[in-house]
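Hi,

Here is the structure I promised to pass on. Have a look at it first, and then read my notes below.

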Amino acid sequence: MKFDYHVILACSIVLLISLQYLLLSISFHEMTIRIVGNNPMMAMFGNINNATLFVFPIMVFGFLVVSVKLMLDFFDIIALSSRDIIIIVGYSLIPVLLGMCFYNVSVVFFMQENPRTLEEIEVLHFLFGLQIKDFALINQVCWLMMYYLIWVALYFKHKVSLIRSLSISVLPSLLFLLFSNMIKYFGHV
């Protein structure tokens, strides 16, 4: 088997994002311990949260790789291999990696206040005066850029038609959101 630098780099991007999520979770868990105090239940929930946030980008990557492969099969496009799909999805996660790096640097090094209550966490100021709600918007933009980059790679590099490449990159996630919202809605009725 040949050593494939592109696949290794794509998977490394996903691993770095997972580590960024873990670092962010640890930082906010330590902040919460300073505010609330340390107890065994807090430590258990913190560890569960850390593990969940570490695995989240890996699961999203797996979902995107599998859904792109299934959509390519649905449209009967055989020109792309699993290797190509892993590279496309992995490289498209670069904006998410950069956004998480910026977020973590802001949280770890540029937090301007030392919050004493949970309410104060929501109005913390970071680098450039940004607040947590601003980082939520930046994070959403980075994830939307990921979908855009998947579409660009399929359309321009691999010459998949406009409608098909857009459907392949966006439709599985939209269906997932639709079904999860339906479950949430009917769960409350």
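What follows is what turned up, starting with the helices and moving on to the aromatic rings.

A quick caveat: this is a predicted model, so local features need pLDDT of at least 70 and side-chain atom pairs count only at pLDDT 80 or more, while totals for chains, interfaces and linings use all residues. Residues are numbered from 1 along each chain as its sequence is written, and side-chain values use heavy atoms, with hydrogens and water left out.

Start with helix H1 (residues 5–36) and helix H3 (residues 82–92), whose axes come within 8 Å and cross at roughly 40°. (Helices are DSSP runs of H or I, at least four residues, numbered from the N terminus; axes are lines fitted to C-alpha atoms over the stretch in contact, with angles from 0 to 180 degrees between N-to-C directions.) That angle makes H1 oblique to H3, oblique being whatever is left once under 35 degrees is called roughly parallel, over 145 roughly antiparallel and 65 to 115 roughly perpendicular. On the H1 side, the contact (heavy atoms within 4.5 Å) is made by His6, Val7, Leu9, Ala10, Cys11 and Ile13. H3 brings Arg83, Ile86, Ile87, Gly90 and Tyr91.

Now the rings. The whole structure has 13 aromatic pairs, where rings of Phe, Tyr and Trp (its six-membered ring) pair if their centres lie within 6.5 Å; planes under 30 degrees apart count as stacked, over 60 as edge-to-face and the rest as tilted. Phe56 and Trp143 are edge-to-face, because their ring centres are 6.2 Å apart and their planes sit at 65°. Phe56 is in helix H2 (residues 40–74) and Trp143 in helix H6, so this pair ties together parts 87 residues apart in sequence. Trp143 is buried at 14% relative accessible area, whereas Phe56 is partly exposed at 36% (buried is under 20%, exposed over 50%, partly exposed in between, with a 1.4 Å probe and protein chains only).

Trp151 and Phe156 also pair edge-to-face, 6.0 Å centre to centre with 80° between the planes. Here Trp151 counts as buried at 15%, and Phe156 as partly exposed at 47%. There is an aromatic cluster too, made up of Phe102, Tyr103, Phe126, Phe128 and Phe135.

Cheers

Technical notes. Helix = DSSP H or I, 4+ residues; strand = E, 2+ residues; numbered from the N terminus.
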